[in-house]
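Please open the structure in the viewer and keep the sequence panel at hand.

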Amino acid sequence: MPKLKRRHFVLGTVGAVGALVVGWSATPAASRLVPAEPLSAAPGQVALNGWVKVGSDNTVTLMMSQSEMGQGTHTGLSMLLAEEMGASLEQIRLETAGPDAIYNNQAAILDALPFRPGDEGAVKRSTQHVVGKLLRSIPGLSGTGGSSSITDQWMPLREAGASARTMLLGAAAALWQVPVAECSAEAGRVLHVSGKSATFGELAPKAAQQPLPAQVALKKPADFKLIGQPARRVDGAAKLDGSATFGLDVLPPGLLYASIAMCPTTGGRVASFDATAAQKLPGVRKVMALEPVGATLIGTGATPGGVAVIADTPYHAMRAVKALAIEWDHGPAASLSSVEMIERLSQTLRTRPGNAQLNDGDVAAAFRSSAKTIEAEYRVPFLAHATMEPMNCTVQFKDGKATVWAPTQAPGFTRNAAAKALGIDAAKVELHVTYLGGGFGRRYSTDFVTQAATLARETGGAPVQLFWSREEDMAHDFYRPAYVARCKAGFDAAGALVAWQTTTAGSSMGAPSFMDTTTDGAWNTAYAFPNARVAHEPVESAMPTGVWRSVAHSQNAFFVESFIDECAAAAGKDPVAFRAALLAKDERHLRVLRRVAELSNWGQPPEPGPDGAKRARGLAIHRSFGSIVAQVAEVSVSADRQVRVHRVVCVIDCGVAVNPNLIRQQMEGAIVYGLSAALRGEITVEKGQVQQSNFHDYVPLRMNECPAIEVEIAASGEAPGGVGEPGTPPIAPAVANAVFALTGQRLRSLPLKLA
């Protein structure tokens with residue numbers, strides 16, 4: 001992040017409550033409608049605020065700061081603007097937003113602050129106010145992740161739409177000399193009760209002359225026409241007919257292509273190389289070495305150094321890379337083993353108590369007085385993101401300026417990475433964010449951008465597209481870290497849970513200690529434990545690590561929900577009833593829990609499958625990114641001891657459901673993604689090298705293996721929570737718990753494998 005000036009952020013504590021002391025904390029929050037610089041407008045176009053431009057052809061352009069990687073965010077955000085503006089969804093056009101601070105993703109950062117859900121005290125409110133103001137003063141912090149797009153822009157885009165509508169209504173009223181109250185906006189037109197009407201495009205020049213409204217009235221939910229409806233995706237048609245532009249589809253004139261071979265060993269670099277054979281091949285322009293590239297703000301480690309070939313076509317570039325003779329400096333990680341790394345985590349938990357993130361009650365005393373205690377150790381492996389579109393980036397560097405086309409989740413980081421590699425100011429980088437062929441957190445890193453920009457310095461002004469092979473992509477990810485958890489629970493004589501303790505060990509993913517989010521989903525679980533301690537012991541390794549879909553919730557839901565199931569079994573209680581007792585004071589969780597039990601026919605044994613194999617159900621419920629998701633998995637075990645998932649029932653409470661279609665799609669996708677990891681996902685390392693290379697040995701769930709998935713969206717008036725990530729965390733523990741119900745064998749390591 002940019003270096004902060006002292007006046008920007010001064011925190012202190014006063015008294016026992018830890019009050020916030022900030023120089024400008026009492027002043028109002030800055031508007032997210034007015035950019036620092038006016039928006040540039042094309043001929044026939046006018047800007048009505050920092051988010052909206054209206055064209056004479058009656059198109060409405062939304063400045064889009066969020067990346068579309070299949071989650072439907074472009075559709076959902078367009079619906080928010082169109083709803084309040086009175087536009088039709090078909091009118092909306094999208095333009096990549098610039099680095100202005102009004103586009104910063106505040107929700108993703110505010111959600112990471114160390115407060116428990118439901119804590120609405122003065123300290124939390126003051127902290128969020130201060131951090132929110134800070135985020136409005138630092139440009140370039142837009143980003144797509146943490147299931148935060150709708151959450152973050154729920155109010156700004158509605159206010160932008162309502163503000164534009166108010167200005168258009170005012171323009172029409174002045175033109176027709178009628179009261180504004182007699183005018184309304186619908187489907188891109190302003191209507192008067194007399195029958196007069198005009199398009200937004202006709203009224204826009206006059207509307208732009210009006211002052212930005214100081215206050216606007218937002219629509220009431222009862223008046224919504226788009227929000228809450230299953231609208232079609234705005235990107236659907238282009239993706240069906242092939243006209244959608246992903247990173248690999250970028251074709252500027254004079255484009256060259258670059259393929260790369262990187263050191264197969266973590267942290268390695270090029271010792272020497274012989275390009276003689278490669279340079280003799282047709283179409284080859286240049287061969288050059290690239291240095292290792294470190295992780296960006298999120299993650300640890302580095303992408304190894306390598307050798308790249310710039311050529312006329314992808315074929316020529318890939319062919320030439322294979323002809324290179326490279327000697328590698330494998331570095332200190334040449335003996336690295338994932339088995340040893342995970343054993344080290346386990347050993348750490350035997351000797352270290354971890355840094356407590358939650359310490360409620362007197363846990364030690366509660367364990368001493370417990371009539372019964374149980375303990376268990378859980379493990380999860382390294383995981384790759386395995387996006388369907390491998391890493392790629394196109395850069396043109398000409399006349400001291402750069403144009404970058406990138407499938408990125410972090411536009412600000414991307415601009416900065418390209419600028420640094422080229423030795424220019426970030427203001428001289430023009431960025432075009434393409435569609436992303438999957439992100440899952442991988443495209444928050446900008447290693448591939450740095451590489452492409454470095455290559456662009458050598459092409460004489462011609463654009464160059466760097467693309468990784470699938471094998472390079474698999475071997476050089478910023479992986480979801482491996483973690484180990486030790487869990488302990490104590491019960492009184494009546495079988496009630498009186499003490500809870502979980503301690504994890506693994507990477508911090510580069511987060512400073514005061515922002516350690518590795519226990520998210522564990523320390524802030526919704527369960528009400530009488531006495532609880534949740535801690536984490538940071539243990540770094542040479543493996544590059546980064547955020548993976550649902551971040552820390554991906555492992556902590558498995559730890560918590562599996563061990564809760566163990567506790568229910570130890571207490572001799574039904575898993576649903578046991579959880580309900582711990583959630584007695586949380587009505588939202590209880591509603592979701594009871595509904596998923598009802599829909600899944602919990603309590604009634606499932607019918608055997610067509611092959612006669614017995615089936616059983618398992619349950620998990622988890623809150624992440626502002627949403628509550630419960631899932632029941634119905635499983636069987638084949639004769640060769642393979643776990644097969646036949647049915648998943650999912651209930652989500654994500655607050656206001658902006659587009660039910662998108663929510664169902666995301667729950668289905670998250671479940672399949674999570675099942676792939678739960679049943680098969682594992683990155684193993686030997687001698688510092690990743691052993692998986694493609695989808696034959698890092699195998700996703702195939703279409704014929706997918707379960708029937710039923711999704712119900714709970715009705716809610718709460719502000720929208722996240723959707724893209726919350727569907728992933730519950731599925732692994734739900735399946736593991738079902739396997740226990742079926743076989744009596746408790747699987748405590750992922751991927752799930754029966755003995």
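What covers the buried residues of α16? The cover includes α15 (575–582) and the strands β24 (616–624), β25 (627–637) and β26 (643–653).

A note on conventions comes before the first stop. The model is predicted, so local features need pLDDT of at least 70 and side-chain atom pairs count only at pLDDT 80 or more, while totals for chains, interfaces and linings use all residues. Residues are numbered from 1 along each chain as its sequence is written, and side-chain values use heavy atoms, with hydrogens and water left out.

**Stop 1: helix α16**

Select residues 587–599, which form helix α16. Helices here are DSSP runs of H or I with at least four residues, strands are runs of E with at least two, and both are numbered from the N terminus. The 13 residues of α16 should span 18 Å at 1.5 Å a residue, and the end C-alpha atoms are 18 Å apart, which agrees; the expected span is 1.5 Å times one less than the number of residues. Next, highlight His-589, Leu-590, Val-592, Leu-593, Val-596 and Ala-597, which are buried (under 20% relative accessible area, with a 1.4 Å probe and protein chains only). These residues lie on the same side of α16 because they cover an arc of only 165° around the axis, taken from the directions from the helix axis to the C-beta atoms. Just after α16, Asn-601 has a positive phi of about 60°.

**Stop 2: helices α1 and α4**

Select residues 73–85 (α1) and 149–176 (α4): the two helices pack at an angle of about 35°, with axes 6 Å apart. Axes are lines fitted to C-alpha atoms over the stretch in contact, and angles run from 0 to 180 degrees between N-to-C directions. Residues making the contact (heavy atoms within 4.5 Å) include Leu-77, Leu-80 and Leu-81 of α1 and Trp-154, Leu-157 and Leu-168 of α4.

**Stop 3: Thr-144**

Move to the loop between α3 (122–135) and α4, where Thr-144 is placed. Thr-144 counts as buried, at 2% relative accessibility. Gln-66 is 78 residues away from Thr-144 in sequence, yet their C-alpha atoms are 5.4 Å apart. Beyond four places in sequence, Thr-144 touches residues including Gln-66, Ser-149, Gln-409 and Tyr-444.

**Stop 4: Gln-451**

Finish in helix α12 (residues 447–456), which contains Gln-451. Is this residue buried or exposed? Gln-451 is buried, with a relative accessible area of 2%. Leaving aside neighbours within four places in sequence, its contacts include Ile-260, Met-262, Leu-290 and Trp-468.

Technical notes:
Buried means under 20% relative accessible area, exposed over 50%, partly exposed in between (1.4 Å probe, protein chains only).
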